[in-house]
Amino acid sequence: MSHVLAAVAWPYANGPRHIGHVSGFGVPSDVFSRYMRMAGHDVLMVSGTDEHGTPIQVQADADGVTPRELADRYNRVIVEDLHGLGLSYDLFTRTTTRNHYAVVQELFGALHRNGYIVARTTLGAKSPSTGRTLPDRYIEGTCPICGYESARGDQCDNCGNQLDPEQLINPRSKINGETPEFVETEHFFLDLPAFAEAIGNWLDQRENWRPNVLKFSRNLLDDLQPRAITRDLEWGVPIPLDGWRDRNDKRIYVWFDAVIGYLSASIEWARRSGDPEAWRKWWSADGAGKDSLAYYFMGKDNIVFHSVIWPALLLGYSGEGDKGGEPGELGRLNLPTEVVSSEYLTMEGKKFSSSRRVVIYVRDFLERYDADALRYFIAAAGPESNDTDFTWAEFVRRNNDELVAGWGNLVNRSISMAAKNFGAIPEAGELTAEDEALLAVAKAGFGTVGELIAKHRQKAAIGEAMKVVAEANKYLSEQAPWKLKSEEDKPRQATILHVALQVVSDANTILTPFLPHSAQKVFELLGGEGVHAPMPRIDEVDDLDGGPSYPVLRGDYTVGARWESVPLVAGTPMSAPKPVFKKLEPSVIEEELERLGS
Ligand SMILES: [Zn+2]
């Protein structure tokens, strides 16, 4: 038994999430966490909405609301979407809590004391009319290298060169068209080169990482530069230093505060659990959390934050970069065990794009289809290790041919036949070699499937689980219990159905991390009572330190099935099943394609 941290990337609260967002890391981190809990580990799965930064400020201005109001709106939408998918967070919170501010400031303070945060004077672009800083991506102008007229302040999309905004010819604000002013401004930088050696040593000891993630992370170390961690902005966490604390125009940069969310959410969870120190079992590098494991789930565009920047913050906080130093008051902290990065999902061959309507939001999806249908697609055909295309035709095909005709059919015909002929789990007589062989296949599935999930190979894992289903369907077709109608055949029919139902029960347990909603239903159809697959709930909570209340996602996951075969008890009453999965009409494909932008 280990303490296992499942740290899931924080969705940015500037709009609803589409299925591409939840395919790469949302659902896979839940499958992993559910399996690890069932296998007896003590899992802490945390995340929340990422709510600071210029894009939220800009959008709030455009909508005529405060950034907090905008963040409140989308925090709630995202919490409801993740709830609808059944993602079993121990705590899904947000970055605007006072607890988060305090933890961010604690890390900033210790890193500064240890010499890893240094002040520098830089040139910043300002809007003359609002006095606000214009971030690079909101500045547009002519590229000084190729003459392209719509180059961005950070990069020219025409020639691909990296730019600084003051290099642009005729720079203008993308927000209101005015010409920005460039003024000297002081900012704090994280001294990343001071961690290159320590991070290199840590990466050298990593095992089992996806090779592309490890290679990419190592390459990042070749060119580490100090990185700005403050901005000229009012919306964000204040800088906790004398002379800066009360300034309204300088804030900690959003990426610095968001990665600290994994730690602050764990601390918030502990404070709400009644044992404020409980987070240490997952985080302390000495004592309670020394042997814990920490898995970070994200899309590939976020690898740098998890394999370089977050480790740098943790090392610097613990006093372990080139400059040494003393650990902060939380003590030395654990680095990630593994950075589990996914690839991209596209939609009908195109990049997801809200503006071009190449999109389906989680909410709209869940209004029309079951959560488990999407969870199945993501596990079987998601962007685990390759960029992957979502097409409606493939979604319908996998739902109908695999989920409904494979698993749903096995559940439906074995349970209907047993309910109709016996009204209960029938008693098994003497077992034949075929019976024994099928039971053995199902039992072996626990080992095979569990090992693959633990290694983040979910596509292979669900493939193995579906092989058990296929074997059971084949067994039923060969044994044909529906033909055994006479009185003297009845005991053999009972045995076959008992074996089939036992395998349905085992396959259902193996499929539970992937398909928790339907697993609960199948469990109940087999006469089970109580919780089989625990679900998250939305609770409205008070901020622990006096801020406004907000919704969180959490649940009691100590209940439910374990990762083992549970023998069915003959005589347990059963009733005729309703179908667990819905077959989709082929017309769905055309309807959905019409909804997409052309
Ligand atoms: Zn250019």
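Which loop holds His456? In this predicted model, His456 sits in the loop between helix H14 (433–454) and helix H15 (458–479). The residue has a positive phi of about 65 degrees although it is not a glycine. With a relative accessible area of 3%, His456 is buried, since the cut-off for that class is under 20%. Ala480 is also not a glycine and has a positive phi, of about 40 degrees. Its place is in the loop between H15 and helix H16 (490–511). Ala480 has a relative accessible area of 6% and is therefore buried.

The next element is strand E13 (residues 338–342). Five of its five residues are buried, so the strand is largely enclosed by the rest of the structure. In a regular strand the side chains alternate between the two faces of the sheet. In E13 both faces are covered: Glu338, Val340 and Ser342 are buried on one side, and Val339 and Ser341 on the other. The partner considered here is strand E12 (residues 293–299), which runs parallel to E13 and is joined to it by five bridges. Within this pairing Tyr296 is opposite Val339 of E13.

A separate open sheet is built from three strands in the order E6-E5-E7, with antiparallel pairing. Strand E6 (151–152) and strand E7 (169–173) are at the edges and have a single partner strand each, so one side of each is left without a neighbour in the sheet. Strand E5 (residues 139–142) and E7 run antiparallel and are joined by three bridges. Ile139 stands opposite Ser173 in E7.

Strand E8 (residues 181–190) contains Thr185. This residue is buried, because its relative accessible area is 10% and the limit is under 20%. The side chain of Thr185 makes a polar contact with the side chain of Lys250, at 2.5 Å. Leaving aside residues up to four places away in sequence, Thr185 touches Arg120, Thr121, Thr122, Leu123, Gly124, Asp232 and Lys250.

The aromatic residues come next. The count of aromatic pairs comes to 28. One of them is formed by Tyr116 and Phe195, whose rings are tilted, with 4.6 Å centre to centre and 35 degrees between the planes. Tyr116 lies in the loop between helix H4 (98–113) and strand E4 (117–126), and Phe195 in the loop between E8 and helix H5 (196–204), so the pair ties together parts that are 79 residues apart in sequence. Tyr116 counts as buried, at 0% relative accessibility. Phe195 is buried too, with a relative accessible area of 0%. Trp202 and Trp209 form an edge-to-face pair, with 5.7 Å centre to centre and 80 degrees between the planes. Both of these tryptophans are buried. One aromatic cluster is made up of Phe108, Phe188, Trp244, Tyr253, Trp255, Phe256 and Phe305.

One annotated segment remains. An unreviewed UniProt entry places the short sequence motif "'HIGH' region" at residues 11–21. In the model, residues 11–21 are 27% helix and 0% strand. The end C-alpha atoms of this segment are 8 Å apart.

Methods: Residues are numbered from 1 along each chain as its sequence is written. This is a predicted model: local features need pLDDT of at least 70, side-chain atom pairs count only at pLDDT 80 or more; totals for chains, interfaces and linings use all residues. Side-chain values use heavy atoms; hydrogens and water are left out. Helices (H or I, at least four residues) and strands (E, at least two) are DSSP runs, numbered from the N terminus. Buried means under 20% relative accessible area, exposed over 50%, partly exposed in between (1.4 Å probe, protein chains only). A polar contact is a pair of N or O atoms within 3.5 Å; within protein, one must be able to donate a hydrogen and the other to accept it, and residues adjacent in sequence count only if both atoms are side-chain atoms. Contact means heavy atoms within 4.5 Å. UniProt positions are given in the numbering used here, feature names are shortened, and annotations may be inferred rather than shown by experiment. Two strands pair if DSSP finds at least two bridges between them. Rings of Phe, Tyr and Trp (its six-membered ring) pair if their centres lie within 6.5 Å; planes under 30 degrees apart count as stacked, over 60 as edge-to-face and the rest as tilted.
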